[in-house]
Amino acid sequence: MIFLVIGLGSMGKRRVRCLQTLQIKDIIGFDLREDRRLEAKNKYGIEVIASLDDIDISKCDAMIVSTPPDKHTYYVKIAIDYNKPVFVEASVIKEEVTEIQRYNVNNTFIAPSCTLRFHPIIQDITAIIKSGKYGKITNFSYHSGQYLPDWHPWERVDQFYVSNRLTGGGREIVPFELTWLVDTIGWPQDIKGCFEKTIDFGINIEDSYAFILKYPSMVGVVIVDVAARYAVRNLIINLENAQIQWRWDDLCFNLYESESNRWIKYSQPEFNSESGYNRNIGEKMYVDEIRCFVSAIAGEKVYPNTINDDIKVLELLNIIEESDGGF
């Protein structure tokens, strides 16, 4: 298979690594920046191009769009024009995704990223909840915190897309987290929240979001921020007959089983992290995500996320922002 990777920044290079891990050798990388093209060529030995006019896209088998979120639509439309299966990184602008959906009249296969659904601990927690073994969820709390300058230590935050208020770092992570939460816990019937700029990065973005998810018979509280000086993902889920506690630094989660009055430890499989990234950001979940995309192209698996689901998640983000005036 021949893959065209559009965008050779941090995520684009990661997707190249994913493809090579899957033994896919025919990879063409496109980026407008010469430094990124040279880095990808030298580091991964792939063919690189400075313009899409330099190749015959009809001969590619699939595309991966790893550009900033506000550039997704332009390149996904090209994939649709050529009816090429396309994987696209996490979205943050509802209007852009809606435009992609409207444009896709030929039903080209589009796979929106849902990386955390491939995290082994999240998969185990999801399986436990969906099994119904411990009854229904009664409530949950979750905090996802990062420090924005740590995302790209090699450049200032005002030099890449997270400095744009529409695609700001904090705003982007809300749907990134909701995409797995709605799969693991379910779609809320209502959501309300607030968002604030709490730290000065020298850019005009909100860095902290706090919101409440209301369900017919349960409630959840979520905080997402990019102002945390130490990266965290802390989750507590209360079920009728159990409690789940996950702190991602511990490389495990613990389940309290009320009937037996004992704690059960679920260890995380070992994985490798790319140099320069947080040790908890394993490459395997990204590889498994692309593996699923490749299998879905071949008709061997169903990819777990859709454009329609992406739009619904982004509607939740918009409702959070619109409800902020109530505070």
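The centres of domain 1 and domain 2, taken over C-alpha atoms, are separated by 26 Å. Domain 1 covers 3-112, and domain 2 covers 116-276 + 307-323; such bounds come from an automatic or database domain assignment. Where the two meet, 20 residues from domain 1 and 20 residues from domain 2 take part in the contact, with contact meaning heavy atoms within 4.5 Å.

A word on the model before going further. This is a predicted model, in which local features need pLDDT of at least 70 and side-chain atom pairs count only at pLDDT 80 or more, while totals for chains, interfaces and linings use all residues. Residues are numbered from 1 along each chain as its sequence is written, and side-chain values use heavy atoms, with hydrogens and water left out.

Let us start inside the protein. The largest nonpolar core has 106 residues, and the members that touch the most others are Leu4, Ile125, Leu148, Phe211, Ile237 and Ile244. A nonpolar core here is a set of buried Ala, Val, Leu, Ile, Met, Phe, Trp, Tyr and Cys residues joined through side-chain atoms within 4.5 Å. Helix α7 (residues 283-297) gives the most to this core, eight residues in total. Both domain 1 and domain 2 supply at least three residues each.

Next come the aromatic rings. The whole structure holds 12 aromatic pairs, where rings of Phe, Tyr and Trp (its six-membered ring) pair if their centres lie within 6.5 Å, and planes under 30 degrees apart count as stacked, over 60 as edge-to-face and the rest as tilted. Phe253 and Tyr266 are stacked because their ring centres are 4.6 Å apart and their planes lie at 5°. This pair links distant parts of the chain, with Phe253 in strand β13 (residues 252-257) and Tyr266 in strand β14 (residues 262-267), 13 residues apart. Helices (H or I, at least four residues) and strands (E, at least two) are DSSP runs, numbered from the N terminus. Elsewhere, ring pairs join Phe3, Phe87, Phe109 and Phe293 into a cluster.

What about the cysteines? The structure contains zero disulfides, a disulfide being a pair of cysteine sulfur atoms within 2.5 Å. The sulfur of Cys18 is 13 Å from its closest cysteine sulfur, in Cys292, which is too far for a bond. Cys292 has its own closest cysteine sulfur in Cys114, at 7.3 Å, again too far for a bond.

| Residue | Relative accessibility | Class |
|---|---|---|
| Cys18 | 0% | buried |
| Cys292 | 6% | buried |
| Phe253 | 0% | buried |
| Tyr266 | 25% | partly exposed |
| Thr73 | 7% | buried |

Thr73 sits in helix α3 (residues 72-81). Leaving aside neighbours within four places in sequence, Thr73 is in contact with Glu96, Glu99 and Ile100.

Finally, a note from the records. An unreviewed UniProt entry annotates residues 3-89 as "domain: Gfo/Idh/MocA-like oxidoreductase N-terminal"; UniProt positions are given in the numbering used here, feature names are shortened, and annotations may be inferred rather than shown by experiment. In the model, the span 3-89 is 38% helix and 22% strand, and its end C-alpha atoms lie 15 Å apart.

Terms used: Buried means under 20% relative accessible area, exposed over 50%, partly exposed in between (1.4 Å probe, protein chains only).
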